[in-house]
Amino acid sequence: MLTPSPQDLRVAMARYADARIEEARRSTTATARAVEDAAYTLCVMTGTQAVPQALHVADSMLGMRAPVSPALRRPVGTHQEDRLQTA
């Protein structure tokens, strides 16, 4: 099995989530088909046969952590809670 890139995996997971949300909002043949398509893609990408397994494997493949941009990281000790813990 080829390993999908993290970006492709995140896109597939987002597509599945969006399809489920739309299906919950208004259930139509088109929204049901979108859920099926997104679920199939996610399962193929993770080498699984069921969505719960696919989501678990996808989380594992992504390391359960989304990378944080260095621009969004704050220096240690700049937040009040950090100063309280180090005092």
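A salt bridge is a side-chain nitrogen of Lys or Arg within 4 Å of a carboxyl oxygen of Asp or Glu. The structure examined here is a predicted model. By this criterion, the structure holds 3 salt bridges.

Two of the contacts involve Glu22. Its side chain forms a salt bridge with that of Arg25, at 3.2 Å from N to O. Both residues belong to helix 1, which spans residues 6-25. Glu22 and Arg25 are 3 residues apart there, about one turn of the helix. The side chain of Glu22 also meets that of Arg26 in a salt bridge, with an N to O distance of 2.9 Å.

Glu22 is partly exposed, at a relative accessible area of 23%. Arg25 has a relative accessible area of 64% and counts as exposed, because the cut-off for that class is over 50%. Arg26 is partly exposed, with a value of 47%.

A further salt bridge links the side chains of Asp37 and Arg33, at 3.1 Å from N to O. This pair lies in helix 2, residues 29-46. Asp37 and Arg33 are 4 residues apart, so about one helical turn separates them. Asp37 is partly exposed, with a relative accessible area of 27%.

Shared partners also connect salt bridges to one another. Glu22, Arg25 and Arg26 are joined in this way into one network. Glu22 takes part in the bridge to Arg25 and in the bridge to Arg26.

Technical notes. Residues numbered from 1 in each chain as written. Predicted model: local features only at pLDDT ≥ 70, side-chain atom pairs only at ≥ 80, totals over all residues. Heavy atoms only, no water. Helix = DSSP H or I, 4+ residues; strand = E, 2+ residues; numbered from the N terminus. Buried < 20%, exposed > 50% of the residue type's maximum accessible area, 1.4 Å probe, protein only.
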